[in-house]
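Notebook open, model loaded. I want to go through the fold piece by piece and jot down what I find.

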Amino acid sequence: MFSWLGNDDRRKKDPEVFQTVSDGLKKLYKTKLLPLEEHYKFHEFHSPALEDADFDNKPMVLLVGQYSTGKTTFIRYLLEQDFPGMRIGPEPTTDSFIAVMHGDVEGVIPGNALVVDPKKPFRKLNAFGNAFLNRFVCAQLPNPVLESISVIDTPGILSGEKQRISRGYDFAAVLEWFAERVDRIILLFDAHKLDISDEFSEVIKALKNHEDKIRVVLNKADQIETQQLMRVYGALMWSLGKIVNTPEVIRVYIGSFWSHPLLIPDNRKLFEAEEQDLFKDIQSLPRNAALRKLNDLIKRARLAKVHAYIISSLKKEMPAVFGKENKKKELINSLGDIYSKIEREHQISPGDFPNLKKMQEMLQAHDLNKFQPLKTKLLDTVDDMLAHDIAHLMVLVRQEETQKPNQVVKGGAFEGTMNGPFGHGYGEGAGEGIDEVEWVVSRDKPMYDEIFYTLSPVNGKVTGANAKKEMIKSKLPNTVLGKIWKLADIDKDGMLDDEEFALANHLIKVKLEGHELPSDLPSHLIPPSKRKMAE
C-alpha cells in the first residue's frame, strides 16, 4: 500500500553516483538546486545561475587594492613576464578588469567577445552592461603559472576627489560577482598609504561572507624602517578590524612583491618567510579547488533555501484584491520581523540570511503578488542533496586529492625559491653545513666531548638516563627533546656515543636558535662513522 515510502527511503539511502567532483556538482546544481532558484527568482535578488564553465574553470585569484599598491606588478612578479594590456605607474593606470589566463598565443580578448564564450566563466557578466564590458578584457599568454591558475587584475580603487567620478557601472557589485567565484581574494595595501577610502570600505563590505578567501598583503614594506613598519602593521590591523567583522584576525603578509633590490634590507628574512607562506597558500589552490566549489555550492544552497522561505512568507501575507501597495510597504518595513519568524520556525542560523537593507531595497522593484507560495517538494530535494549527495561528493573529493597529490602551481616566481641555495632556509638551522665536506657538528664537538665524558660513559656510550640529565638543561619541552633523541640515536640502541651525543646537542642548538627540527635526519648531519649504516 505505502510503497512510495519505501522508494523514497531507498532513494535517500542511495545517493547519486558521479565519476568526478566537477560532473557531480554540475548535475546536482542543475537537477536539485536550480529548480528552487528559478521558482523563487533567486537570480534576480542574489546571483546569476551557474554554468558548466563555473564548475570546470581553473582556480582564480582576485587582486583588489587602491591605485599604486602594486597589483599589476604583483602579477608580473608571479608570472616573471609582462602580459598583454599591462600598464604600471604611480597614478591610476589599470582602469580595466583584466583576466590574465593561459593561452597558446599571446593576445587580448575584449569584454563583449569574452561574455559570449561558453568555455569561459564570464558569460553572466553581460548583466553589468557595456559600461563595464568596455572596461573588461582577457589577456592570454603561454605561461606555466597560468596552466594552474588564472589571475584577475582590477582597477585601482579611488580615493579623495577621484572617487566622486562615476565609473558608469556598479564597481562593488562586479567585485562581489567575482568574489563568489574566485578561490582567493588578495587585498593589497601600500605601506606608505593606509587610508581606506569610502570606495575601498564599500568594496571590503561587498566581500562580506567571503572572509575565508581573503588574504591581505602589506606591499612595499622594504621602503620603511623596522620601527615604522611595526607602526604601519598595527595601523593596518586596526583599520581592517573596523571594517572586516570577523572574530579571528585576518592574515597579513608583509613583503615587497617586485623584482627590484630591497631599499632597506634589514627585514629580508621576514620578507622571505612571508613570501614563502603566501606562495604555499596560492600553490595549494589547484589541490583545494574542488573542495572550494563544493563549499560554495553548499553556501549557495543554504541561501537559496532561506530566500525561498522569505519569498513564500511575503506571498502568504499579501492580500488577494485590495490594499496591495500599503501591505507591500508594511511587509518590506517589517522584513526584520519576518526574518526572526523564519529563523525560529525553521531553526535557521541568522548568518544564513541576506543583508536586510539590501533585500528591502530590491523588494521595492518587485510585485509581491507574483511571488510563489511555499513548495516543500523543492526544498526537500535541496535538503536531500545537502544530507546525502554532498557527503558522497566529499568522499570523491578526497579520492581525487590522493590520485593527484602533486597538483600545485608551478613556474614563474614559484620556481625561483623552490630548490637550490636561494630556497627559504637553505643553509640555516638544520640545513647548516649542507654543502660542506666536513661534518658541521665537528666544529663544536670538542666542547660537547668535554660534557660527554662527565656523564660516565660505559664502553664509549652514555645511557638515556644520563643523557637526559644533560639535555633537560636546555629547558626545551620533553616532546621536543624526545624528537631530538630519536634523530640522534641513529643505531637505535637506546644510548648515545660521542658523535650521537654531539649531534643531539647540535640539534638542541638549532631549536634554541628558533629553527624547526627536520622530520628525518638530513644526510649531511649523519655522523661520518654512521653513514654506511644509514645507506
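Predicted model: local features only at pLDDT ≥ 70, side-chain atom pairs only at ≥ 80, totals over all residues.

Entry 1, helix 9. I looked up which residues of helix 9 (residues 198–206) are buried, and got Glu199, Phe200, Ser201, Val203, Ile204 and Ala206. Then I checked what covers them: the list includes strand 1, helix 8 (171–181), strand 6 (184–190) and helix 10 (226–243).

I find eight strands in an open sheet with mixed pairing, ordered 3-4-2-5-1-6-7-8. Strand 3 (107–110) and strand 8 (252–254) are the edges, each pairing on one side only. On average, neighbouring strands are turned by 25 degrees against each other, direction ignored.

I zoomed in on one pair. Strand 6 and strand 7 (residues 214–219) run parallel, with six bridges between them. Isoleucine 186 sits opposite arginine 215 of strand 7. Helix 8 packs on this sheet and touches strand 1, strand 2 (97–102), strand 4 (136–141), strand 5 (150–153) and strand 6. Its direction makes about 150 degrees with that of strand 1.

Most residues other than glycine have a negative phi. Serine 68 has a phi near 65 degrees, and I find serine 68 in the loop between strand 1 (60–65) and helix 5 (71–79). Glutamine 347 has a phi of about 50 degrees and lies in the loop between helix 14 (335–346) and helix 15 (356–363).

Glutamine 347 is exposed, since its relative accessible area is 66% and exposed starts over 50%.

An unreviewed UniProt entry annotates residues 476–511 as "domain: EF-hand". I checked that span in the model: it is 69% helix and 8% strand, and its end C-alpha atoms lie 9 Å apart.

I count 22 helices and 10 strands in the protein chain. Of its 535 residues, 47% are buried. The chain exposes about 27100 Å², with carbon and sulfur atoms supplying 52% of that. For contacts between residues at least 6 apart in sequence, 78% join residues at least 24 apart.

Note on methods
Residues numbered from 1 in each chain as written. Heavy atoms only, no water. Helix = DSSP H or I, 4+ residues; strand = E, 2+ residues; numbered from the N terminus. Buried < 20%, exposed > 50% of the residue type's maximum accessible area, 1.4 Å probe, protein only. Contact = heavy atoms within 4.5 Å. Areas by Shrake-Rupley, 256 points an atom, 1.4 Å probe, with all protein chains shown as cover. UniProt positions renumbered as here; feature names shortened; annotations may be inferred. Pairing = 2+ DSSP bridges. Axes fitted to C-alpha atoms, helices over the stretch in contact; angles between N-to-C directions.
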